[in-house]
Amino acid sequence: MSTENNNNLIYESSLKILKDLISFKTISGENNNELIDYCDQILKKFGATSFKTFDDDKKRVNLFATIKAKKSNDKLPIILSGHTDVVPVSKGWSSDPFKAEIKGDKLYGRGSCDMKGFIACTLAYAPIFSSVNLDRDIHFSFTFDEETACLGAPLLIKELKKRKITNGICIIGEPTNMKIIDALKGCYEYTTYFEGLAGHSSTPHKGVSAVEYAARYVKKLIELREKLKEKTPKDSIFDPPYSTLQIGGIFGGIAHNVIADKCYVNWETRPVIKEDGIFLNNEIDNYVNEKLLPEMKKVFPDSKIIKKIIGEVIGFERVEKSEACEFVSSITGDNSKDVVSFGTEAGLFQEVGISTAVCGPGSVEQAHTIDEFIKLDELKKCLKLLEGIKNKSIIN
Ligand SMILES: [Zn+2]
């Protein structure tokens, strides 16, 4: 069969797989077992071995599959990584978000660009990887709940450490129009709960207002936000160049004349360097332990302030010499590198020593939107990248 024919078959197969993937309603937090089994079956058909890691109630699952080298040398293994969850859909779609539709040069559907398109390409390419004389392992890493503070990936990475898979080149196929992204801010999310003592508003000294203490906590966070600006690293590559902080919501109280016994605050920070995250947490925790909580307890000893970590996705740091970036550039011929503000699992892979680059089909402008789509041309470019990976992974 001619190469062109073969390429066409792979492309057609990627479209078919992408349609199938979109039909699984894998909204973050929901069960994704069926989708993972679907991927696992395709990969197994082409000789891959795999293992899964689960959340506590086995509702959500990560898959890590490997097409082994026929004869390995010292080349770094490749990890093709994507998240299987998609963000919820809001009203206003022109068609069923979970039924992919091709119109013109685009394929529409929730997750088409973020990021089932990439996963579909890797699966469509599996038969090629398995039919050539690979001289390095090709791994497929599909995680759950990336969109909600990367809950799935840490479980997978823990298992990788156990299995001593801590070296390699990881390509995370988030939608970047096939451009290389080599740095991202971290994203830390918290909810802080306040518990005081309810009472009548006419006798404020007898109660502990959770709402008022929460307000002081928020004021302190906003003060600290200014400190973060003062700490802007000189060589920051981000926009804005400093670590940001945002209060997402304050919830508490029941009536004008009742002292609120409960309140909670949702907030997040996006540190440009890890140290800013540590600084911020230390400062706010000290303020709680030395100031707010002792005051609350003076009136009501059972008062509480509890900071719950929703997720602490560490940033992805630019490194001077990145094997992953060089590898991708050598295939695409594009040496440019950029930073973006959306979160990915990149920092988690980087932290264990795996060289990582973010590069995938589709544009982030369509991610999370109504009528999300991926341009068909982007899928073709992604398949080209996979072909390049194959060419760099065969015994000569
Ligand atoms: Zn994504």
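**Figure 1. Overall view of the protein chain.** Of the 396 residues of the protein chain, 42% count as buried; a residue is buried if 20 or more other C-beta atoms lie within 10 Å of its own, exposed if 12 or fewer, and partly exposed in between, with C-beta atoms placed from the backbone. The model is predicted: local features need pLDDT of at least 70, side-chain atom pairs count only at pLDDT 80 or more, and totals for chains, interfaces and linings use all residues. Residue numbers start from 1 along each chain, as its sequence is written. The protein chain has nine helices and 17 strands, taken as DSSP runs numbered from the N terminus (helices are H or I, at least four residues; strands are E, at least two). Along the principal axes, the C-alpha atoms of the protein chain fill a box of roughly 85 × 45 × 35 Å. Among contacts between residues at least 6 apart in sequence, 80% join residues at least 24 apart; two residues are in contact if their C-beta atoms, placed from the backbone, lie within 7 Å.

Figure 2. The domain assignment gives domain 1 (3-184 + 316-391) and domain 2 (187-313), with bounds from an automatic or database domain assignment. Eight residues from domain 1 and seven residues from domain 2 take part in the contact. On the domain 1 side that touches domain 2, there are five nonpolar, two polar and one charged residues. In this classing, Ala, Val, Leu, Ile, Met, Phe, Trp, Tyr, Cys and Pro count as nonpolar, Asp, Glu, Lys and Arg as charged, and the others, Gly among them, as polar. The C-alpha centres of domain 1 and domain 2 are 37 Å apart.

**Figure 3. Strand 7 and its two parallel partners.** In strand 7 (residues 169-172), I169 and I171 point one way, C170 and I172 point the other way, and all are buried. Strand 3 (residues 78-83) runs parallel to strand 7 and is joined to strand 7 by four bridges; two strands pair if DSSP finds at least two bridges between them. C170 of strand 7 is the bridge partner of I79. Strand 16 (residues 355-358) also pairs with strand 7 in the parallel sense, over four bridges. There, A357 of strand 16 stands opposite I171.

Figure 4. Leaving aside neighbours within four places in sequence, the contacts of E101 are S95, Y108 and G109. Between E101 and K44 there are 57 residues of sequence separation and 28 Å in space, C-alpha to C-alpha. S209 is placed in the loop between strand 10 (199-200) and helix 5. S209 is buried because 24 other C-beta atoms lie within 10 Å. Not counting residues up to four places away in sequence, S209 touches G196, I259 and A260. S209 and V258, 49 residues apart in sequence, are 9.1 Å apart in space, C-alpha to C-alpha.

Figure 5. The peptide bond joining D114 and M115 is cis, with omega about -10°, and M115 is in helix 3 (residues 112-131). Another cis peptide bond runs from D239 to P240, with omega near -5°; P240 lies in the loop between helix 5 and strand 11 (244-252). N177, not a glycine, has a positive phi of about 55°. N177 lies in the loop between strand 7 and strand 8 (180-184) and is partly exposed, with 15 C-beta neighbours inside 10 Å. D371, also a residue other than glycine, has a positive phi near 60°. The loop between strand 16 and strand 17 (373-375) holds D371, which is partly exposed, with 16 other C-beta atoms within 10 Å.
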